[in-house]
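Take a look at the chain shown here.

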Amino acid sequence: MVQYTRPKGTQDILPEDQPYWEHLIAVVSEIACNYGFERIDVPIFEMTELFTRGLGEATDAVEKEMYAFKDKGGRDIALRPEFTAGVIRAYIENGLQVWPKPVKLYSTGPAFRYEEPQAGRYRQLHQFNAEILGIDSPLADLEVMSLAWDIFEALGLENLSFQINSTGCPQCRPSYVETLQAHYHVHHDVICQDCQRRLVQNPLRLLDCKRDQCQPVIATAPRIIEMLCEGCAEHFAELREYLDALSKPYTLNHRLVRGLDYYTKTVFEVWAEGIGAQAAVCGGGRYDGLVALLGGPPTPAVGFAAGIERVVMVMQDQATEVPSPPYPPIYLAFLGAASRLYAVQLLTDIRQAGLAAQISMGGSLRSQLRHADRRDAKLTIIIGEDELDRGEVTLRNMVSGEQTMVPVARVVSTLKTALQT
Ligand SMILES: [Zn+2]
Ligand SMILES: [Zn+2]
């Protein structure tokens, strides 16, 4: 026999894990709504070109990791590696640019990256995501940062802090990049091979390198915030003023940059006590150039994305309490064919009365009661043929084991009363 297994890098989210996922998504929706964000859902696949254009050919997410294929109509299609490009496409296509500003959107769902699976990293991953479109004030940056913060806090994540930086703009960044390249040319012999490639293709990513040999070069590298133009410097100073006023802890992280032209000004991460060391649970920033790049009117925008798997892992590791949906309190057991027909009718009456109930699918009374017990039933109705002939059923309290006879006409009202006490 063939044994089917799930594709590499995917996961089954079993019933026992669902309460974490449901709670997380409920918290995201609730807080996003409280902040005035509206939900948007876009397709999980788009024309490949949207991502190659929107994310850039030279990023790993596009170059190496994208699930891209031709559909039966010969179109180039890709599973989304992230949300923002699709959301911006929808913003332009549906005319959201004429809405009063700001337009505040959030979404949750799967994204896909063909990368080597490792702990907490999947090829089908899940994210929540938020953006504010149409506002260039740092107030919008603060709003998305606060939203992310409040969500993590509500989920019980501990020791939260921001890492922030500015990645400049198309006016001030090029001269920073030149200075950075000049610094790296001096140290060309000691840096790793990846960095030698980055130096030419995507110099800002040099600051991301994790290799030991590159750390001293990063530590002495020029800092972009010392080379910002006036507009970028003012924007960053104002954002820091807000964070100071709100006493939200933040660290200036000079290594936090984005490699693509449409990213501008603020870059941030939220760090939390994770499994082991403090680590990023969310990344975001401003991308004032993206809407225009994808064919819309020039529109400032800021947002973030967070990986759900990682947050769920931290929640489970911390044994965060999450509400789990209750099993139906009422269980119907029956013995014999005549009882079964009555049980089906009674089940309908009970459900129409607004009570949650499930029915046994047969078996011995003993096995039915065992099932009722495993499913956490509070009350079991036992329908036997002799009792039914007398117009009665047995009501068993599953906690005390006490049994009473109830006339069939009063079953629903008796259950209602019993569940209220
Ligand atoms: Zn600038
Ligand atoms: Zn390196």
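Arg286 touches Asp141, Thr264, Lys265, Thr266 and Val302, leaving aside residues up to four places away in sequence. This picture comes from a predicted model. Arg286 sits in strand β10, which runs over residues 278-286. Is Arg286 buried or exposed? A residue counts as buried if 20 or more other C-beta atoms lie within 10 Å of its own. Arg286 has 30 C-beta neighbours inside 10 Å, so Arg286 is buried.

Now turn to Tyr184. Tyr184 belongs to helix α6, residues 173-186. Tyr184 is also buried, because 21 other C-beta atoms lie within 10 Å. Its contacts are Ile191, Leu199, Leu206 and Val217, again not counting residues up to four places away in sequence.

Each of these residues can be paired with another one further along or back in the chain. The table gives the C-alpha distances.

| Pair | Separation along the chain | C-alpha distance |
|---|---|---|
| Arg286 and Gly134 | 152 residues | 11 Å |
| Tyr184 and Leu206 | 22 residues | 8.9 Å |

Next comes helix α1. This helix covers residues 18-34, which makes 17 residues.

Which residues of α1 are buried? They are Tyr20, His23, Leu24, Val28, Ile31 and Ala32. These residues cover an arc of only 155° around the axis, so they lie on the same side of α1. The face turned away from that buried side carries exposed residues: Glu30, Cys33 and Asn34.

The buried residues of α1 have cover. It includes β5 (103-112), β6 (124-133), α5 (138-154) and α11 (308-317). After α1 comes Gly36, with a positive phi near 85°.

Two packed helices are described by the angle between their axes and the distance between the axes. The axes of α1 and α11 come within 10 Å and cross at roughly 115°. The crossing of α1 past α11 is right-handed. On the α1 side, the contact is made by Tyr20, Trp21 and Leu24. On the α11 side, the contact is made by Ile308, Val311, Val312, Met315 and Gln316.

Finally, step back to the whole chain. The chain is divided into domain 1 (18-172 + 228-317) and domain 2 (330-420). The C-alpha centres of domain 1 and domain 2 are 51 Å apart.

Terms used:
Residues numbered from 1 in each chain as written. Chains lettered and ligands numbered in written order. Predicted model: local features only at pLDDT ≥ 70, side-chain atom pairs only at ≥ 80, totals over all residues. Domains from an automatic or database assignment. Helix = DSSP H or I, 4+ residues; strand = E, 2+ residues; numbered from the N terminus. Expected span 1.5 Å × (residues − 1). Buried ≥ 20, exposed ≤ 12 C-beta atoms within 10 Å, placed from the backbone. Arc of directions from axis to C-beta. Contact = placed C-beta atoms within 7 Å. Axes fitted to C-alpha atoms, helices over the stretch in contact; angles between N-to-C directions. Left-handed = near helix turned anticlockwise from the far one by under 90°.
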